[in-house]
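Please take a moment to look at the sequence and the structure below before reading on. The paragraphs that follow go through a few places in turn.

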Amino acid sequence: MTTAAKPSKLIKGATGDWEIVVGMEIHAQITSHSKLFSSASTSFGGDPNSHVTLVDAAMPGMLPVINEECVKQAIRTGLGLKAKINHRSVFDRKNYFYPDLPQGYQISQFKDPIVGEGEVIVDVSASEQIIVGVERLHLEQDAGKSLHDQSPTESFVDLNRSGVALMEIVSRPDIRSAEEARAYVTKLRTILRYLGTCDGNMEEGSLRADVNVSVRRPGEPLGTRCEIKNVNSIRFIGQAVDVEARRQIAIIEDGGKIDQETRLFDPGKGETRSMRSKEEAHDYRYFPDPDLLPLEFDQAYVDELAKGLPELPDDKRARFIAEYGLPPYDAGVLVMERESADYFEAVARGRDAKMAANWVINELFGRLNKEGKTIATSPVSAQQLGTIVDLISAGTISGKLAKDLFEIVWSEGGDPNVIVEERGMKQVTDTGAIEKAVDEIIAANPEKVEQAKAKPTMLGWFVGQVMKQTGGKANPEAVNTLLKQKLGI
Amino acid sequence: MSVDQATVRRIAHLARIAVRDEEVPHLQEELNAILSFVEELSAVDVSGVEPMTSVIPMSLPLRKDEVSGHAGADVVTRNAPGAEDHFFTVPKVVE
Amino acid sequence: MMSDLTKFTLAEARDAVASKKISSLELTRAHIDAIEKARGLNAFVLETPDKALDMAKASDARIASGTAGPLEGLPLGIKDLYATEGVHMQACSHILDGFRPPYESTVTSQLWRDGAVMLGKLNMDEFAMGSSNETSYYGPVASPWLPPGWDETKGRAALKGDKKGLLVPGGSSGGSSSAVAAHLCLAATATDTGGSIRQPAAFTGTVGIKPTYGRCSRWGVAAFASSLDQAGPIARTVRDSAIMLRSMAGYDAKDSTSVNAPVPDYEKAVGASIKGKKIGIPKEYRIDGMPAEIEALWQQGIEWLRAAGAEIVDISLPHTKTALPAYYIVAPAEASSNLARYDGVRYGLRVPGKDISSMYENTRAEGFGREVRRRIMIGTYVLSAGYYDAYYVRAQKIRTLIKRDFELAYQDGIDAILTPATPSAAFGIGEKGSSDPVEMYLNDVFTVTVNMAGLPGLAVPGGLSASGLPLGLQLIGRPFEEETLFSVAEVIEQAAGRISLPQAWW
Ligand SMILES: [Mg+2]
Ligand SMILES: [Zn+2]
């Protein structure tokens, strides 16, 4: 990277400013029924060693056969990252010994990955966008799982995950802060979920990040990096970048040197520590797996997959801005999840799109967040919310009553039209009834009337009283007009 | 090219094969005999030649994404020198 | 009817069983007896007589009901490299101590599908690494051929002792070649990575074919060097080997390198005319120091084929010399990785250590024999950082050149290539390779080229050496044209006259 450091991203050390440089390797579990090279189930959990075929257990003479769906998912993802799709790629063996690596090697792609260079457009904030380069995406096998806390003397090995298909997505070191790192992973996750190529479930380990962090003085060449392995939440990614950068700055400012090493982020202690097991110098002895031939396909194969791709978040966002006139920020929020965007469009179609966006973002998302629910489990359907928006637009209910109505639909369900009818929530636009209420309140509060004449902001108090008396059903505009008239303000 | 004794030890460790001190000189000799035997290859002109990746010209066959063939945890762990509750057990690994 | 049922060829036994002249049970019993009497040869590492008798009875029942398969009731030996469900499989290595695979290899399952009977598991070089069957954890196998000048008494005494001086049956499929030559089974499965079918066949006066890479499934056969390994049979006649290959070959979706092409009825090619076939004679196989009798054998082979109407063409395969050294980079490299799974975790031997790493190191040091450890180390070295390009990549480039040599010859219309199978007749147990491993490797000088190029290769007896030991000729074919090899080999077999195998002295 030769671009100049952005001053706003620099952090202060004792001896001056520092720039953080981050690159990431994301391991994304491919959405598929069976594993990359075996027909074992990929489903999460399961009794130990129950999702294991003879191939996964690396029995003598067992051979890998690739799952076509995983190949397609990698290509789809590559297309989603606007990346170069390599029509010929090669599977290599990465050789090392570890008890949860039954073959003694991981089948991965080293020299010739299936996907080459691409990019991710990342919204860091409402006003800032960056582009993070993707160096490559390759297919590889996941390892099994070792449990170290079951016995004082032994580790327990479960091969259920062994052989599950992963996409390793390697970014360029284009990230300059913890915030950017979080935003990058968030965006990448959004893209993967849109494509349906990875469920992005970080708690279950479907998405893990190896975070490479280094620091340098602005304008200087890249510093020595440390790799923080397997960070499994977006929040932790941000924390890990910050604490690791601070650690490195402190060492350098003390006259020390950074050792290139693999570290682990401990969220409890808020620190990174060196990984003992990875300390030893590795020599992976990569070479093409002789059990597999080169993976080859033509452009027509890629084109067919491209045809089946959904509209991706960046395109959707642009369309929401153009088609619905939404502010870019709102559009960005709505497209974060494909389900949210679909929901919004179902509400907005043929209606006041800005009002629809407001209701979806402020009322619905707010409520879903509070209750720990998602769009998929929302008690209020897009059709119901659309009807509420219709009732507001038609002047049938006031904005205030609409919120009550939303609450009723949320907790009890039902057709908003019927609820409004049955519970008499319709807005009163009959000026006679409103006038009666206005007159009564003016008559009962002579002092307030005097005050209001001197200080017109008192009007709000009168509006409130009228609304109270009419059970909130009075048309606020009519109330305002009448009050102003009668109070002479 | 030939290997020294430190290399013999490094290679043995990479391959996870214990070697006793007294074996090292002998191993070194054997490995060097093989290396000198293959040395003649350095004289072959290989410029512009693609390394072979598959001896039979065919492309990688693709499998359908279907689940089948779970061996069962009993069968998977039956031959294991160490197993408990369907887990394989190994000397404790320190991370 | 023949008095000794073990003297049948596979084809004769097949016909006798099919026409109910003999039962599979009788045939199987005769072989079980022969095996018991031949324990001194050490060809079998596991005998499965009960299983064999059960299978034979089932075969007889199928024959009675008219549902017999092409190998119905024929007793065979299986190399210990093949997984046999519930039955010992150790690749003749200590590291697979006690392993009983819960699965059956594709090739053997096809043999059982076709009705064959399993007599037991055959000795071999550990993980198929060797050319003399001396690296087996179960000890060396003796050839049924007595060394020149030995009488039976001397032979029997040696069998009881350390077998020193007796002849090797070749390797790595030495149990297979010895058992077939000694009439302990009608035929046997074998595997060939650098010559492990053809060299033992040549040493014991039997016929062996390594088919085209991809012709037989590798699924369930412990891997030595994946890009070179192929299954194939060793049998007593060309026809028998053709019958065996038809059952062993075939597409297998579980092996990504398996080729989806129909399997011909190879037996039909046996006896077909070779008139007009162009047989290439590669000048590069005339190596320095080649014994005169090997040269003479080769010349004799040429004459036989010419007499049968073939056209003899001198050809050049210029990269022949590079094949053996390149093989000793590629094969150990793949082996070092293929054998990483033997780590004491999921099956086989475990030797404890103070931590996980020393458990691995102790297990693998004790579990693997010397030759295997040596090859793993060489393979690890040539793949390691800084050496990969100089060794492995270069060797794979040379492989491309070796294959191109053959392609050019075949483009010029050559149908098959005739060479000697080995640079010498069988040598004695304990005679070679003890100080210099390369001495043993030179055995494969004529056979490895075929593996490096993925081609089919067949070894057929051509005659006897001056000292009365069998010598083999090798035929190399075009990819997937095994039929040509069977036709040409039959001509040699007919011309040479079926070799008379040793009478039991053991
Ligand atoms: Mg990585
Ligand atoms: Zn990875």
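Does B:Asp85 count as buried or exposed? With buried meaning under 20% relative accessible area, exposed over 50% and partly exposed in between (1.4 Å probe, protein chains only), B:Asp85 counts as exposed because its relative accessibility is 60%. This is a predicted model, in which local features need pLDDT of at least 70 and side-chain atom pairs count only at pLDDT 80 or more, while totals for chains, interfaces and linings use all residues. Residues are numbered from 1 along each chain as its sequence is written, chains are lettered from A and ligands numbered from 1 in the order in which they are written, and side-chain values use heavy atoms, with hydrogens and water left out.

Most residues other than glycine have a negative phi, and most peptide bonds are trans. B:Asp85 has a positive phi of about 50° although it is not a glycine, and its place is in the loop between β2 (83–84) and β3 (87–91) of chain B. Helices (H or I, at least four residues) and strands (E, at least two) are here DSSP runs, numbered from the N terminus. C:Ala128, which is also not a glycine, has a positive phi near 70° and lies in the loop between β3 (117–122) and α5 of chain C, but this residue counts as buried, because its relative accessibility is 3%.

Turn now to chain A and its strand β2 (residues 17–29), which is largely enclosed by the rest of the structure, because 12 of its 13 residues are buried. Two strands are said to pair if DSSP finds at least two bridges between them. Strand β1 (residues 11–12) of chain A pairs with β2(A) in the antiparallel sense over two bridges, and here A:Lys12 stands opposite A:Asp17. The hairpin of β1(A) and β2(A) has four residues between the strands, and A:Gly16 takes a positive phi near 140° in this hairpin. Strand β12 (residues 207–216) of chain A runs antiparallel to β2(A) and is joined to it by 10 bridges, with A:Arg216 as the bridge partner of A:Glu19. Strand β11 (residues 165–171) of chain A is another antiparallel partner of β2(A), over five bridges, and in this pairing A:Ile26 stands opposite A:Ile169.

What about the cysteines? A disulfide is a covalent bond between the sulfur atoms of two cysteines, and the rule used here asks for a pair of cysteine sulfur atoms within 2.5 Å. By this rule the count comes to zero disulfides over all chains. A:Cys70 is in no disulfide, and the nearest cysteine sulfur, that of A:Cys198, is 12 Å away. A:Cys70 is buried, with a relative accessible area of 0%, and A:Cys198 is buried too, with a relative accessible area of 2%.

Two further places bring chains together. The axes of helix α1 (residues 5–14) of chain B and helix α12 (residues 370–383) of chain C come within 9 Å and cross at roughly 100°, where axes are lines fitted to C-alpha atoms, for helices over the stretch in contact, and angles run from 0 to 180 degrees between N-to-C directions. α1(B) is therefore roughly perpendicular to α12(C), a term for angles of 65 to 115 degrees, whereas those under 35 count as roughly parallel, those over 145 as roughly antiparallel and the rest as oblique. Residues in this contact (heavy atoms within 4.5 Å) include B:Val8 and B:Ile11 of α1(B) and C:Met377 and C:Tyr381 of α12(C).

In chain A, three strands form an open sheet in the order β6-β5-β16, with antiparallel pairing, and its edge strands, β6 (105–108) and β16 (287–288), each pair on one side only. Helix α10 (residues 320–338) of chain C packs on this sheet, touching β5, β6 and β16 of chain A, and its direction makes about 60° with that of β5(A).
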